[in-house]
Every structure is written in C-alpha cells, then in structure tokens.
Amino acid sequence: MNISYLSQLGYREIAQLADLLKIYAEDGASFLGDGVKWEYNPNSDNLFLIDEDFNVAMLNDGKLEQWHNCPYYGHEGFAAD
C-alpha cells in the first residue's frame with residue numbers, strides 16, 4: 001500500500017520529495033492532469049507524482065518523466081527504456 005502522509009516518511013524520503021516537488025514547481029509536467037498528488041511505494045522505494053487518471057511522473061536524471069506501464073505484458077519504465 002502506498003504512503004501519502006509525511007509522518008510516514010523517513011528523512012531520506014522527505015528530501016527526495018522536496019527535490020521532486022521543486023522540479024515540478026519549476027518545470028511542470030504537461031502529461032499530468034488534474035488532481036496531482038504525491039505517493040511513495042515502500043516496496044519499490046519509488047516516490048512519484050500521480051494524477052486522477054493514474055498518469056505517473058518520476059524523477060529520471062534530474063527531470064520529471066512519465067512512467068509507463070503495459071497492463072498486457074507487465075512491462076514498466078521510462079520511454080527511453
């Protein structure tokens with residue numbers, strides 16, 4: 001189950017969230033729609049932004065990129081992957 005409360009994060013994850021939000025504030029993410037929120041998945045150790053349509057943005061080499069997943073084959077990753 002994903003975490004979306006600061007009180008459930010450690011200091012490392014809070015620092016990562018700060019970086020994520022700073023880049024989002026500076027550059028935005030045009031592929032994200034309405035209802036953007038942050039979540040942390042402790043199983044994968046991924047911190048990300050997600051919108052109400054389940055589009056996901058994650059940091060990749062210091063910039064926000066869309067995280068893709070294929071429901072048919074289970075593949076997931078960035079477009080370059």
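Visitor: Which residue in E2 is the bridge partner of Tyr40?

Guide: Leu47 is the bridge partner of Tyr40 in E2. Keep in mind that this is a predicted model, where local features need pLDDT of at least 70 and side-chain atom pairs 80 or more, while totals for chains, interfaces and linings use all residues. Residues are numbered from 1 along each chain as its sequence is written, and side-chain values use heavy atoms, leaving out hydrogens and water.

Visitor: How do you know that E1 and E2 pair?

Guide: Strands pair if DSSP finds at least two bridges between them. Here 5 bridges join E1 to E2 (residues 46–50), so they count as paired by that rule. Strands themselves are DSSP runs of E, at least two residues, numbered from the N terminus.

Visitor: Why are E1 and E5 said to stand at the edges?

Guide: The open sheet runs E1-E2-E3-E4-E5, with antiparallel pairing. E1 (37–41) and E5 (76–78) each have a single partner strand, so one side of each is left without a neighbour in the sheet.

Visitor: Where does the side chain of Asp51 reach at 2.6 Å?

Guide: To the backbone nitrogen of Gly33; it also reaches that of Asp53 at 2.9 Å.

Terms used
Helix = DSSP H or I, 4+ residues; strand = E, 2+ residues; numbered from the N terminus. Polar contact = N/O pair within 3.5 Å; in protein donor to acceptor, adjacent residues only side chain to side chain.
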